[in-house]
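Please keep the sequence and coordinates at hand while reading.

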Amino acid sequence: MSKDITRRSVLKAFGALGAAASLDSVGSLFGAESMLMPKKVDKLSGEPVLTVAHCADPQFGFAGVDYGPHLERCERLIDVVNAAGPDVVFFAGDMCDDKNDLQKDWPRLLERIKPPVLVAPGNHDIYDPVVRKDVEAYCAIFGADYESLTINGWKIVVVNSQYCRDTDETELYEKQVEWFTKELTEAKASGTPVILGSHVPPFVNELDEEDDYFNFPSAIRRDYLEYARQHGCRFCLAGHTHTTLEREYEGVKLLNSETTSLNFDERPFGFRMLKIDAEMNYEWNFVGLD
Ligand SMILES: [Fe+2]
């Protein structure tokens, strides 16, 4: 299939999301309580309804070096996460630097993590452009390249953002779009707020920024976020940039955690603990590993 046809197909599918978004009325979403948008606090005054360990880019062997220290730091992260006991653990991808290393340690590490784990594939786990054999190799280790979990009244929907890049795997791509729309439509129908997880963040600094390596293509960015927002998405958790980010789209919080491999912004190694209460107040506090 030619690149041009593939590209059109990709845009057509996401264009459908945009059209669906524009037909929705935000006012008809949920009841008044569910219309709340997240409000950040330093410390929740009561108990959280949901706690998510947000981890990014363990990327063992980043740039071809330091596999051992990256692995060792991730082992420590797992100990800290297990001791903290969040409701769920989310890894925002780039589990290894080289996709061929994924089977070395991750099967064992996944076994060690006590809470339920969701993993979004990174561009070092399933390379650009997506090919079926890479998806199958990834799924053999992590179970799926996109998945959801409903827990404590929230739905966490993790997508394979490698499909934001041009690919000839149209069938696989469209299968994810179909799944994604079904998941979000069901969440909206049941009034369940959503956390979206991905490796690539929708944008890095602002919605209208130029396309580059670190963001969703501008052709689909706004449609994706608007569709998600209108279907109850309140947080987008990601990695990929190796910088810590807090951004917002129409009240939806876009958060990128510190990594355990390399932080370009010189933040210390660690992860974020997202805690959300029933009033949609949230903490997103750093947990260091030193
Ligand atoms: Fe990375």
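## Confidence and numbering

Over which residues does the pLDDT stay under 50, and how many contacts beyond four places in sequence does the model have for them? One such stretch is residues 18–33, for which the model has 18 contacts beyond four places in sequence, where pLDDT is the predictor's confidence in each residue, from 0 to 100, and two residues are in contact if their C-beta atoms, placed from the backbone, lie within 7 Å. The protein averages a pLDDT of 91, and 88% of the residues score at least 70. Over residues 1–13 the pLDDT is below 50, and this stretch has 16 contacts in the model beyond near neighbours in sequence. Where pLDDT is low, the predicted coordinates should not be read in detail.

This is a predicted model, in which local features need pLDDT of at least 70 and side-chain atom pairs count only at pLDDT 80 or more, while totals for chains, interfaces and linings use all residues. Residues are numbered from 1 along each chain as its sequence is written.

## Overall content

The protein has six helices and twelve strands, taken as DSSP runs numbered from the N terminus (helices H or I, at least four residues; strands E, at least two). Of its 290 residues, 43% are buried, a residue being buried if 20 or more other C-beta atoms lie within 10 Å of its own, exposed if 12 or fewer, and partly exposed in between, with C-beta atoms placed from the backbone. Among contacts between residues at least 6 apart in sequence, 72% join residues at least 24 apart.

## The sheet containing S2

Six strands form an open sheet of mixed pairing in the order S1-S12-S11-S2-S3-S4, where two strands pair if DSSP finds at least two bridges between them. Strands S1 (39–40) and S4 (117–119) are the edge strands, each pairing on one side only. Strand S11 (residues 270–276) runs antiparallel to strand S12 (residues 281–288) and is joined to it by seven bridges, with Leu274 having Trp284 as its bridge partner in S12.

Val52 lies in strand S2 (residues 50–55) and counts as buried because it has 27 C-beta neighbours inside 10 Å. Leaving aside neighbours within four places in sequence, Val52 is in contact with residues including Pro86, Ile195 and Leu274; the C-alpha atoms of Val52 and Pro86, 34 residues apart along the chain, are separated by 5.6 Å.

## The sheet containing S5 and S6

A further open sheet of six strands, again with mixed pairing, has the order S5-S6-S7-S8-S10-S9. S5 and strand S9 (245–249) stand at its edges with a single partner strand each, so one side of each is left without a neighbour in the sheet. Strands S5 (residues 147–151) and S6 (residues 154–158) run antiparallel and are joined by five bridges; they form a hairpin with two residues between them, and Asn152 in the turn has a positive phi of about 50 degrees.

## Helix H5

Helix H5 (residues 170–190) has 21 residues and reaches 30 Å from its first C-alpha to its last, close to the 30 Å expected at 1.5 Å a residue, the expected span being 1.5 Å times one less than the number of residues. The buried residues of H5 are Tyr173, Phe180, Glu183, Leu184, Ala187 and Lys188. They cover an arc of only 130 degrees around the axis, which puts them on the same side of H5, the arc being that of the directions from the helix axis to the C-beta atoms. On the other side, exposed residues of H5 include Glu171, Glu178 and Lys182.
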